[in-house]
Amino acid sequence: MELVLLILVPLAFAILIALRPAQEAKFHAVIGTLLAAGIGVNALGRFDWGTPATMQLSAAWDWLPTLGLRLSVGVDSVSLMLIALTLLLGPICVFCSFTAIQEKERTYYGWLLVLQAAMTGVFASRDIVLFYTCFEFTLVPMYVLISLFGSTNRKAAATKFFLYTFTGSVITLAGLVYIAWFNATQLDSIGIQSAGRWTFDIAALEAAAQAMPANVQGWLLLAMMCGFAIKIPLFPVHTWLPLAHTEAPTAGSVVLAGVLLKLGTYGMFRFVLPFLPAAVLEYAPIIATLSIIGILYGGLICWVQTDVKKLVAYSSVAHLGFCILGLAALNTVGITGSILYMINHGLSTGALFLLIGMVYERYHTRSMKELGGLACKMPVWATFMVFFTMASVGLPGLNGFISEFMCLMGAFQAGDKWGSLPGGTGGDLGFWYALIAGLGMIIAAMYLLYMVGRVVWGPLVLPAGHDDHGHDGGGSHGPLPTDLCAREIFVLLPLAVLCIALGLFPKPVIKALEPAVNNVVETINATGKRPDAASGVKAMNDLPGLPSSADVRHVSDADVSVASSSPTVQWGGALSGGDK
Amino acid sequence: MSEKLALLVPEIIVFLTTCIVMVVGLSPNLAVRRSCGLLSASGLFIAAILAINGPAGDGLLPGLTPYIKAVIALIGVLLVMLVAGTVDREEDARVSRGGVFNALRTNRAEFYSFILFSLTGAMLCASASDLIWLFLALELTSLPTYVLVTMSTRGTRSQEAGVKYFFLGALGAAVFLYGFALIYGGTGSTKFVDIASIIAQQGINQITLAGMILAIIGVSFKIAAVPMHFYTADVYQGAASPVTAFLAFVPKTAGFVSLILLLALVGWDHGTDKVSVGHTLPSQLRLLLWVMAALTMTIGNVLAVVQSSPKRVLAYSSIAHSGYMLVGLIAGPGDYGAGFAHNGIAAVLFYLAAYGLMNVGAFAALAGLERRGRDGRPVEIDSFDDLRGLCAGRPLLGWTLVVCSLSLLGLPPLLGFFSKLPLFTSGIASGEIVLVIVMGINSAIAAFYYLRFAAVAMLEDPSDGPKPLAAPFPARAMSGLVALVLVISLSFFGDALMKASRNAAVVEGSGVRAVPASPSPGHKAGDRHDAASPAAAPAQRVGA
Amino acid sequence: MTIASDIMGSILHGALGAPGASGAALPAIEAGPWWVSLIPALPLLACILCGVSAAMRIKSKLPAWITVGCLGVSFALTAAMFQQLAGGRSVTIAWEWINVAWTDSGGHERSLIANFGFYVDSLTCLWMLFVTGLATLIALYASEYMSHDVGTGYCRFFAAFGLFVFSMACLVMGDNLILLYLGWEGVGLCSYLLIGYFYKKPSAVAAAKKAFIMNRIGDLGLALGIFLAFVQFGSVEYKVILEAAQPWLAAAQAGHFDEIPATVQLIPILLMIGAFGKSAQLPLYVWLPDAMEGPTPVSALIHAATMVTAGVYLIARTYPLFLVSEYALPIVAWVGALTALVAATIGMAQFDIKRIMAYSTVSQLGYMFAGLGVLTSTGAAFHVFTHAFFKASLFLSCGAVMHGFAGQLDLRKLSGVGFMKGWQFVAIAMLVGCLNLAGFPFTAGYFSKDMILAEAFVTPHMAPIGWILLLTAGLTAYYTFRVFFRVFVGPKYYEPGDEVHAHSDHGHGDHGHGEHGHDAHGHAGDHGHAAGEFHPHAPGWAINFVLLTLTVLSVGAAGLYFLGDHGGWVGKMVHASSANYPPIVDLAAHSGEAADAHAHADHGAHGSFLGMDPHKVMYYVSGIVGFVGIAIAFALHYVGRKTAATANADKLVPLLGPIPKLAQGKWFVDEVYDLLIVKPLHLISIVFAYIDKLLVDGLVNAFGWVPRGVGSGLRPLQSGNLHSYAVQMAGGVAVLLLIVFLASIAGL
Amino acid sequence: MGTDLFMLAQAGFPEPMGGATLAHYLLISVLMFAIGLIGFLTRRNLIVMFLCTELMFQAAGIALIAFSRFHLEHSGQTFVIFVLTVAAAEAAMALALVVLLFRKRESLDADEWTEMKG
């Protein structure tokens, strides 16, 4: 029930905000997000951490049962962690906007709450259509936030964001629907009694999808990645992100970096990995390669940016590359690291966006040519900036390190020669993948220190119109003091505390994630590498809809029996992916 | 005979209403004249209720009849609300200023009765069990609309729209009439049941095939499918917004019902069950529909992207929606007794209802606003500038526009998504993956312009200069409100509608179709049968 | 590979902690006392308290006293730990840090475990003793040295200082490689923060960035080494790794490296890259000289005594892994020797005394690496130990000069400082330090350097290294005493540096070089050489006390050499730890095959120095070399010197051709790196940025424009003309039918 | 396709009708349809264009009657009656429309009406 409340409470408060006068919007937003956070804490308490891999706090109602939909929610530890991140960032986004947003407050806070509800819904849903509904619905609030409250080029950015991600996810939907169809009718063809009834239940579809032949899984992988890769964003479909980040208001960037990008990675974890084990095993090197290109390419582009926000935005491309590399490692260390990365990136990059927003509020510029040496004017800000930069760089002791290290180690372990060593897990990645991705660590240090060196350290540079005597120079900061005010510190502190806590005491989190991750890894190893694929053979010749199988639509029984005599051909893909 | 009449009770009610309205509309008393709308709506409402509780039809899709009638009548109610005030505004004003009432100068009676006639025609399409009937019903649907378009505004644009619509419509009618003639020639019967059984027994001959092709092409004029779509934008733009809403729904529904009935004559070739009959959909027809579907959605969308008039955008988008629905038509009803998700016909029927609602909502926002023209007369708005900041200024109209356009875009969790989803599922279930992908990409292209509606209304500040006024007809806003509420609520509580559409999409045979003309034994024979139990389907097949 | 994993399996499952299984004599691991955790915790506490002081805007020396106090207690605990240890090994687990477990495909339970645990053996104690001890002393020194910054950067300085000691403690005491990595990067961060302490100075910021990035390059190697170690051994904990390498030692000593898995042999090569970065070895040494932008106490502690020896520690700690690798130790030896030589040549040509010290540090680190490479981990550790004291003392002396002369470090602008009032302590400390560094007989530096030199000649195939090191020793003596003769003796002369305003509350960096254009306060006009009013201020009690203590310690360190028979006290410490060499295998059995570099133990005396036993003659040889160096320095820089700026050496410069110019320009390594790596990379980045904007995003935009373009293209068909519509309809139908017809012919 | 059509056509009517077969009637019908269509596509005058559509309607009517006779089945003829009725209705509407348009533009040229396009 908590989960439903977590979705409904922000929605209810959004409606309340819409109905009440604008002056009250802030207040309701604070109450709404805090209430949601409170419910979230309660949910954390009610969650049985002894069995973190099972779906808990579940609830389900019929929803257009004719179509097989259910309003079904439930969380395992992975979902719950990400929900917790969402709920944490909720109040922070509200608090950080008090002075930045001066007009259309109702629109702003209302949509912010709707966004939170939608994001929570993504992580909580146990029904693919519910997932997709929330996944897509996040676009609208974000679109509004960017195009109303962004900076100069906001309309184009918002439109690009919407259209780009929408386009990709429609294809994802097609893939998911294909699985649902397979589950509903095609299981017969591989010797499993199919229910004949359509369902979009994730657990049911997971089992069905795993039973698909490898080449079908390959197509589905492509379809699903269309949506998820854009959302993540994976090179080369990342270009909406820098634009959207640069134009979005601070809270928008925080949510975008903190949670929205994680919808893609979460989708990969929840759908791609366990649903399509054979394809994942086969294509993991390609995904990993793309992620590594993203790491290096994104990082190098960061290095020549002059807009601080754009730099951090591109850094997300690089960082999420690590995250995907961890997922593509397909072993416990890598995937656990990847999930930790989702959380950690949300904290540290979210905080960086907050910090950039705070400077922007004061000086109305984000150009490194116009800002420099702020440490002497804003020491508290500078301290936080350096701190979160270091968290982002992956400094050990802070949160970023654990996840980055584990992602890289996961990739390293997955070397094809190392399956038999005690610490190796086998796979198609390995030394070179880890080495080249590891160059990203160096590049990350290069661009982030370049940014800190320009903005925080060095001689003081302020944009024209700001003398360096602080806020007495004509009140150009509005209501804000030269350095951070208590509210801003209050916004940053929880993130800083969590960065340290997750950096020094990650074990409880790791242990909570571990069973869920192990389930996925075991699924991949058990079903993706399954050599006894005779059961999948018939399906190969009997799958309508595949471009190659248009002519086998009227396959007769004779055809099936011929095909089943040569099982290895069909499972060649799976074998080559898994038998290294 | 009396059974047939019982089937026609809703149409008869609407017809009677038409008669009453024709008389009442000529009353010298303004209040009485004004009751035309209310009367029409009431008549339609009663018809809808009777249709819901009425008997199933006697054609190939018995369930289709009550469902479509009810949908047409109910959305007809909304359309009637929407058209309130379209005609006779100046005449009424003149009379209320003390002028003498002149029955010859009032158009209300004709206007409402034409609307009701057209609706009757569309309802009759659903009852059709015969080519002649279908032809007459289609003509009854179309002919009044030509007049409606022409008389909907006093400007030359309406007349231009009327002339284009009429002439091209006549051309289309000639084409499908010729098609009907060939179908008759190829089979020797005009009765659907007989035609279907002949085709099932003897296969389809060339004349029948040619007839089917011509009929499909001709009817596709009604649904504005490529290449019969050229008139759409001009006609929709020229007609008054409420009439445009009418055009986008009623002829299209009639067209799709006709297409379903026509295709049911040959059956669909790919139920998911490999041994079922109905494999008689010739590859030519299938390819024809496939190309039409792909082109229709693509061309509709890309043309909509480059438009600057909201009405033209909606017109082209209505072309695109026809393309989407054609996917369901290609997918067909799936196995006998297949679930909703497999049933492309059910998806189309559900989509029609949903599209009707969203369409009413979108046009309600346009119809709810007007400007003073140069001569002081109210003119319709037709620019995006007039929609700017609508949510702030006129929240009801604004949010109706936003929600309905997002729903038309197919954004979950709005009705548009849940009507597109069955098209996806049935498309995939019938193996049309490529078409489904094309459809998905088209949905994304559609986002270009639907997003513009939402953004203009929701996000932009009102433009400087004179703001559009609210049209003085609360019924228009009311229809928008109803559409708004339904578009949101049906996505959560629309199961009954889905169920109904699914029951409506069961293709029944005449009882003589179980002829194993091919290795696949037929299964569509036999009594109607509880379609909800899929397990019963194989048993049925064996029995057949 | 399968054989290897079988062996691994037996180690992991059977032999763990079972002494004698392969003759390995490492003592059993006990659970250490809880208070060991306090050794790193106290500096961290100091850091936090300094942070709190900063938040409370405390404008006193409180942070310094907090730091000194905490570090002092930490040192005391280290001493207690040393007492308690008694040659054993212990692990104290503070809390469990990383713990991931899974079941591999063979059904084995595997886990990645890294605890916040502290592994204590004699090597740990050795390092921690001088780390905490020196840190305490230098913190005391800094309390005075940094006094101008009270209220501005004081808290920041000591917070970073405390954090550094914490990180260093984690590095040294961590019971696994990942915790070592934490300390490794942590000291890098502190180094970054402290080099960039004068953050308004662009050069300081650049130097800090350079240090961090250069270190990161090494860190990548270290990380990969850790990964590989984990993959190979299934653990990152020393207790597993160190035992696991033992079975291959015999094969390694017999030269049978083909019996050792390539992965095992690769591990040390990767680890080594990290060590090269952290310890400023070729090719990653360039950051260290620049790091002198930081305050001098930082240079003394971090960039001379402690942090830069982390690389030596890493190699010593994982010495068993290096021993079983065919190429690892030779590479270490060669890199160390070449670094020693290159840095010494550069040091000879520099004029900034702090930079000279920095290059000497690089050079001495090279010695240590060479020592490790030539199989005398004892010598290396001993050199680390002695170097820590005398180099700290040297740096602090230079720092005192810098502090007193307003940042003046140019040896051409200072002369005879030792004869000025109040500078005697400094001069003595400097002299003792220089003697140590130059390897003057019977100083600590002499003994430690000698051990390395001797072993280099003893170890087969390593004689070239010995010769390089011997040459370096001479050069070292020369440039060390060049500084001493130029600055501390000779005619009294000084020009103050450009920090004459250092006493104002703007801190040191306010008048940095690049900022005049931006500094809105505009002191540019009045910051000139106000030499007339300038009086050098001699160091106060804290500085003097620390210098004196260090001098005593660096002299006293020599005594340690006699506290044991083989390498003295340090030798005992090293032998009791994993860095121990010679290992356990009886070489007699393999002596016939001992053709390889490693196949040899250091009592074997296989190598020779010009036919003599290096162990016996090296005392004299190195002493003589040192003497010669000092004598040359005396002749060139003391004899006949009239002014501060000129010396006899200047006459020699033209004779050497371009070499002095090149050496003064640091062989232009920075420039080469810039040209070969940084510039191209920057260019690539710019190209990428354009590619991203034009190609990748352009493609996306192009796709976005496709519907628009197609729509515009189709628009003319919507001509509005009834006729065209009819024609197009008919034409469209015709085309459609044609398609259908063709397709049905084609049999679709 | 073609051969099949002729097979069907050559079958002739059950009773010869002065030598004319179904094929002849269908030929006439197709020709009428084609003439109507071509006329519609080529002529500019609204009234002529309308007459062309009438021609196409009647072509269908001829086909219907011929088929009706061929099948010896009455519904085709019934169909034609209805077609004629509808055609009459359309004619009435067409004339009204044409008159209305003529009043506006004083012309019956279809090309006059191109205000809306694009």
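This is a predicted model: local features need pLDDT of at least 70, side-chain atom pairs count only at pLDDT 80 or more; totals for chains, interfaces and linings use all residues.
## Where chain C meets chain A

Start with chains C and A. Here 63 residues of chain C are in contact with 67 residues of chain A. The area buried between these two chains is about 6,000 Å². Carbon and sulfur atoms give 75% of that area. Three residues stand out on the chain C side: C:Arg216, C:Phe227 and C:Val231. Together they supply 12% of the area that chain C buries against chain A, more than any other three residues.

The rule finds two salt bridges between chain C and chain A. In a salt bridge, the side chain of A:Lys160 meets that of C:Asp697, at 2.5 Å from N to O.

Which elements build the chain C side? Several supply at least two residues each, including the strands β2 (89–103) and β3 (109–120) and the helix α25 (669–714). The helix α7(C) gives the most, with 17 residues. By class, this side of chain C has 44 nonpolar, ten polar and nine charged residues.

## Where chain B meets chain C

Now turn to chains B and C. This contact takes 30 residues from chain B and 25 residues from chain C. The buried area is about 2,500 Å², and carbon and sulfur atoms give 79% of it. How many salt bridges cross this interface? The rule finds zero. Polar contacts do occur: the count is four residue pairs, both residues at pLDDT 80 or more.

On the chain B side, five helices each supply at least two residues: α8 (156–187), α10 (206–219), α11 (231–238), α13 (283–305) and α20 (433–459). The largest share, ten residues, comes from α13(B). The residues on this side divide into 23 nonpolar, four polar and three charged.

## Aromatic rings

A search of the whole structure finds 87 aromatic pairs over all chains. Take A:Tyr108 and A:Tyr109. Their ring centres are 5.1 Å apart and their planes stand at 90 degrees, so the pair is edge-to-face. Both A:Tyr108 and A:Tyr109 are buried. In chain C, the rings of C:Phe484 and C:Phe485 have centres 6.1 Å apart and planes at 70 degrees, so this pair is edge-to-face too. C:Phe484 and C:Phe485 are both buried.

One aromatic cluster takes in residues of chains A and C. Among its members are A:Phe401, A:Trp432, C:Trp95 and C:Tyr181. C:Phe227 belongs to this cluster, and C:Phe227 is also one of the three residues named above for the area buried against chain A.

How values were computed: Residues are numbered from 1 along each chain as its sequence is written. Chains are lettered from A and ligands numbered from 1 in the order in which they are written. Side-chain values use heavy atoms; hydrogens and water are left out. Contact means heavy atoms within 4.5 Å. Buried area is the accessible area (1.4 Å probe) that two parts lose on being put together, summed over both. A salt bridge is a side-chain nitrogen of Lys or Arg within 4 Å of a carboxyl oxygen of Asp or Glu. A polar contact is a pair of N or O atoms within 3.5 Å; within protein, one must be able to donate a hydrogen and the other to accept it, and residues adjacent in sequence count only if both atoms are side-chain atoms. Helices (H or I, at least four residues) and strands (E, at least two) are DSSP runs, numbered from the N terminus. Ala, Val, Leu, Ile, Met, Phe, Trp, Tyr, Cys and Pro count as nonpolar, Asp, Glu, Lys and Arg as charged, and the others, Gly among them, as polar. Rings of Phe, Tyr and Trp (its six-membered ring) pair if their centres lie within 6.5 Å; planes under 30 degrees apart count as stacked, over 60 as edge-to-face and the rest as tilted. Buried means under 20% relative accessible area, exposed over 50%, partly exposed in between (1.4 Å probe, protein chains only).
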